[in-house]
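Reader: Please take one part of this model and go through it closely, with the cut-offs stated as they come up. I would like a single connected account.

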Amino acid sequence: MKLQGKVAIVTGAASGIGRASAILFAKEGAMVAVVDVDTQGGAKTVEKITAQGNIAFFVKADVSRNADVRQMVEETVARWEEWTSSSTTQAWCW
Ligand SMILES: NC(=O)c1ccc[n+]([C@@H]2O[C@H](COP(=O)([O-])OP(=O)(O)OC[C@H]3O[C@@H](n4cnc5c(N)ncnc54)[C@H](O)[C@@H]3O)[C@@H](O)[C@H]2O)c1
């Protein structure tokens with residue numbers, strides 16, 4: 001597991017290369033923020049990852065918009081803090 005304890009933000013992860021990357025990163029142990037404008041596709045990616053027992057969540061964001069990118073990072077940090085405080089895993093890092 002090459003990414004154990006890491007957090008990955010994968011943009012465009014609702015399909016194609018982004019989805020494949022998100023699934024691979026999660027398989028390698030990362031907690032993955034699945035980011036896209038496509039909510040349905042993003043949910044499908046999260047479903048595929050969690051069905052394999054790995055960790056992911058969806059963040060809707062248009063990466064061409066500053067406010068969305070800021071929100072994407074803030075939500076990911078919040079999820080990471082939530083995860084580390086509610087689990088015995090204390091080794092997550094960026
Ligand atoms: N250099 C190469 O050899 C090569 C090869 C294949 C693909 N590509 C490029 O890689 C990219 C991804 O390819 P793909 O086949 O996975 O495409 P895709 O269309 O399957 O996936 C792109 C994803 O990005 C999302 N997206 C688009 N605009 C967005 C935005 N503003 N904010 C957030 N999400 C957004 C889409 O909703 C979609 O889920 C494309 O730009 C493609 O042209 C390059």
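Author: Helices (H or I, at least four residues) and strands (E, at least two) are DSSP runs, numbered from the N terminus. The expected span of a helix is 1.5 Å times one less than its number of residues. This is a predicted model, in which local features need pLDDT of at least 70 and side-chain atom pairs count only at pLDDT 80 or more, while totals for chains, interfaces and linings use all residues. Residue numbers start from 1 along each chain as its sequence is written.

The part examined here is helix α2, residues 39-51. Its 13 residues reach 18 Å from first C-alpha to last, close to the 18 Å expected at 1.5 Å a residue. A residue is called buried if 20 or more other C-beta atoms lie within 10 Å of its own, exposed if 12 or fewer, and partly exposed in between, with C-beta atoms placed from the backbone. By that count the buried residues of α2 are Gly42, Thr45, Val46 and Ile49. Seen down the axis of α2, they fall within an arc of 100°, so they line one face of the helix; the arc is that of the directions from the helix axis to the C-beta atoms. An α-helix has 3.6 residues a turn, so residues three or four places apart point the same way. The face of α2 turned away from the buried side carries the exposed residues Gln40 and Ala51. Just after the helix, Gly53 takes a positive phi of about 80°.

Next, the cover. Two residues are in contact if their C-beta atoms, placed from the backbone, lie within 7 Å. What covers the buried residues of α2 includes α1 (16-27), β2 (31-36) and β3 (56-60). Val34 shows part of this arrangement: leaving aside neighbours within four places in sequence, Val34 is in contact with Gly42, Thr45 and Val46, among others including Val10, Ala22 and Phe57.

The helix α1 can be described in the same terms. At 1.5 Å a residue, the twelve residues of α1 should span 16 Å, and the end C-alpha atoms are 17 Å apart, which agrees. In α1, Arg19, Ala22, Ile23, Phe25 and Ala26 are buried. Seen down the axis of α1, these buried residues fall within an arc of 165°, so they line one face of the helix. Gly16 and Ile17 are exposed on the other side of α1. The buried residues of α1 pack against β1, β2, α2 and β3. After α1 comes Gly29, with a positive phi near 105°.

Then there is the core. A nonpolar core is a set of buried Ala, Val, Leu, Ile, Met, Phe, Trp, Tyr and Cys residues joined through C-beta atoms within 7 Å. The largest one has 22 residues, and those with the most contacts inside it are Val10, Ala22, Ala26, Val32, Ala33, Val34 and Val35. The elements giving two or more residues to this core are β1 (7-11), α1, β2, α2 and β3. β2 gives the most, with five residues. In soluble globular proteins, nonpolar side chains tend to be buried together.
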